[in-house]
Amino acid sequence: MTEIHGLTQETAEKKLQEIGLNAVPEPKFSFFKAFMSGLWNLSAWILEGAILLEIALGKGIQASFVLAMLLFAALNSAIQKKRSRRVLSSISHQLTPTVAVERDGKWSNMDSKYLVPGDLINLKAGAVLPADVEIKTGSLTIDESSITGESKPAKHSAGETAFAGTTVVKGNSLAIVTATGAKSRSGKTINLINKSAAPGHLQQLLTRIIFYLCLLDSALTLILLIAAIIRRENVLSMLPFLGMMFIAAIPVAMPSTFALSNSFEATRLSKEGVLTSDLTGIQDAANLNLLLLDKTGTITENKTAVAEWHVFNEADPALSNDEILQLAAAATDTRGQSIIDSAILEFLQTKKLALLKPTTYQPFTPDRGYSEAQVGQHNVKLGSFKRLSLIDETANQQVQAIDFQAGRSVAVLIDDHLAGVFILQDQVRPDSQAALAELQQRGIKPVMLTGDNQRTAAAVAKQVRLTGRVVSINDFDENSEPDLKQIAGIADVLPEDKLEIVKFFQAHGYIVGMTGDGINDAAALKQAEVGIAVASAADVAKRSSKMVLLDEGLTPILKILDAGHRVYERMTTWSLTKLTRTAELTTLLTLGYLVFGYLPMVLNAMVIYTIMNNLVTMMIGTDRTQISHQPENWDMAKLSRFAFSLAAGWIIAGFGLVWGLTASGWRPALIKTMIYCFMVISGMLILLITRTRKFFWQDYPSKWVAGTQIADVIVTCGLALFGIAMTKISLGALLLTAVVALVAAIIIDFIYKKFIYFE
């Protein structure tokens, strides 16, 4: 058999300089298109309708303010999209697949972007082809749906071509790279970032918040219209105010706040050894209450060691124990080593024995169940004892003293006679026990999934102190409510079982996290709310997951949870603040009109107030947080209760201010300016109250939030004192308004934190 070799390193480097990297430049981000998309959505349409209404009613100044707010929202949204794109793009480059390449006669793993035509690479199940190749040995079953649309995998034999972007489903082969980058058929390298992910639980909740705010505004608008008709007032003169009530409810800053918070955390995680391929994975991490963990590679090291080696000399008495071990090691795959191959080769090294080179070699395939090598005059088979015992019918009688439950067994046949049995055991990671204990303290139930039998799995579960018992997948009752407190792990799990397990727990109301590393884990990783590919995962697993670990072990998962909780806290603050402010403004205006006969804020002030609110809420995405370390639950009823209880306090304070000023003989024009100041100051205080579990004066926001708040208050005071866009008021009137707002905040916060928030 003619040996196949790849390029020399010198030749490969020359080709790389000539043709460039194995990559296709990503489409450039169009800032203009992103900006225009901000002018073409439901929120933008409402603002655009309000602008036309203001112009039709001769309110040119107000229309220009609304236009400025619309343009700013679209511009800021485009800026944040560009930032998120830059973050995810930089992360995607770190997720470039690696491939086993032979150069200068030596095999090594290399970043696939450095491949050039002529390189000899090794392909096996789970790999995503990084370039167009010609198969040289063996055969591959390849999923070509990414380029042909056909769901059924196609089989390719030696001499045939396979294309970049397709996935090896089965087989092991050597292949020569024929085309890279833009010259490959797919015209692109693998992109592991799904930039068009479906909305997560958080986005769905925020959409509901918008809906409820619109319902509130609609109800109050109807009340105002009925009151105006009964009083026989000019309804047309009220339309600008009613339009502004709807504008105030529109979460102009929501997309920016959401993108800012998620990309902020994605950047932070990338520096901590966790790459984010789907931003919804971060936000859903806060709700995670069940984590399904692969035993091998996550709880245990992705490294298996030989615990026992049993030799049977009956196969050939002339062979010594060391010679049998050398023959067994010759049947391992030295190119694309599996964890079993590595364990046997390392065991060989500990014995200080030389590795024999086979004259022929056929790699392991699941269908056959063993690898095969010809070494001199001896035929060697290495693989499943169950499969190999069908060849040597005397094998079962010879292994009576071996405890196959102690670990994973690998048998060796020499000339079709049983010559030895390896018992391999996974090594538990040093951080596993502490990390699992931390997960359980956080209210997350870890459940170990393994293909091992119950006895082996139970031993590992006990070693890392997982609570409960290990059940077999064969005894798993899918028709009953799972009692997770009693389950430490599920044994005898086949790769295809994992997707059904994820769906089963999701159907019972759990927010599921899943770790995986193989091609058969891809579907389960994609189905889970937080799919996590471990550091050693196959390319397909990484592409299907939402998070990719760069470091081994469980500890990085805790960082994902922390990031999720930070996003949750910020968006909870946003939700409470938005609901409270909108309810306060619309209800106070409605009550003012019904009781006192006028709307207690001028139209210009309403527009300015809305702009200032959105500037501050946008910065919430950068705020400091105090996370709870327990699974969160997006409860709309609870959020609404908190928000409207806060709003009730501020409505009473605001209405009391209007009533007191009116009873004291203050002119409505002055009252309107003072109420504008009250609304802005109260809005700043509401954010300070909702952002912390402490009293608002005991904690401080991020510099961006604080800076924007201070700027808003300064602008507000300036407009009121100089009478810009509203009636001028005195410094005394301004101080009176500020004192009322501050006293109200202290009282409201005390009642809210003591009797409502922690109820």
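Mentor: Let's start with Val 743, which lies in helix 24, residues 731-756. Keep in mind throughout that this is a predicted model.

Trainee: Is Val 743 buried, partly exposed or exposed?

Mentor: Val 743 is partly exposed, since its relative accessible area is 42%.

Trainee: And which nonpolar patch does Val 743 belong to?

Mentor: It is part of a surface patch made up of Val 739, Val 743, Ile 747, Phe 750, Ile 751 and Phe 755, which together have about 570 Å² of accessible area.

Trainee: Okay, zooming out, how many helices and strands are there, and what share of the residues is buried?

Mentor: The protein has 24 helices and 22 strands, and of its 759 residues 53% are buried. The accessible surface comes to about 32,600 Å², with 58% of that belonging to carbon and sulfur atoms. As for the contacts with a separation of 6 or more, 72% of them join residues 24 or more positions apart.

Trainee: What does Met 601 contact, leaving aside its neighbours within four places in sequence?

Mentor: With those neighbours left aside, Met 601 is in contact with Phe 241, Leu 585, Leu 589, Met 606, Lys 672, Ile 675, Tyr 676 and Met 679.

Trainee: Switching to helix 14, which of its residues are buried?

Mentor: In helix 14, which covers residues 432-441, the buried ones include Ser 432, Ala 435, Leu 436 and Leu 439. Seen down the helix axis, the buried residues of helix 14 fall within an arc of 100 degrees, so they line one face of it. In general, residues three or four places apart in an α-helix point the same way, because there are 3.6 residues a turn.

Trainee: What is on the other side of helix 14, and what covers the buried residues?

Mentor: Ala 434 and Gln 441 are exposed on the other side of helix 14, while the cover over its buried residues includes strand 10 (290-294), strand 16 (417-428), strand 17 (445-449) and helix 19 (555-596). Helix 14 is followed by Gly 443, which has a positive phi near 85 degrees.

Trainee: Last topic, then: which residues other than glycine have a positive phi?

Mentor: Asp 104 is one of them, with a phi of about 55 degrees, and it sits in the loop between strand 1 (98-103) and strand 2 (106-111). Asp 415 also has a positive phi, near 55 degrees, and is found in the loop between strand 15 (408-414) and strand 16. Asp 104 counts as partly exposed at 49% relative accessibility, and Asp 415 is partly exposed with a relative accessible area of 32%.

Technical notes. Residues are numbered from 1 along each chain as its sequence is written. This is a predicted model: local features need pLDDT of at least 70, side-chain atom pairs count only at pLDDT 80 or more; totals for chains, interfaces and linings use all residues. Side-chain values use heavy atoms; hydrogens and water are left out. Buried means under 20% relative accessible area, exposed over 50%, partly exposed in between (1.4 Å probe, protein chains only). Helices (H or I, at least four residues) and strands (E, at least two) are DSSP runs, numbered from the N terminus. The arc is that of the directions from the helix axis to the C-beta atoms. Contact means heavy atoms within 4.5 Å. Patches are made of residues with over 30% relative accessible area and no salt bridge: like charges are joined within 9 Å, nonpolar side chains (Val, Leu, Ile, Met, Phe, Trp, Tyr) within 5 Å. Accessible areas come from the Shrake-Rupley method with a 1.4 Å probe; for residues, only the protein chains shown count as cover. A salt bridge is a side-chain nitrogen of Lys or Arg within 4 Å of a carboxyl oxygen of Asp or Glu.
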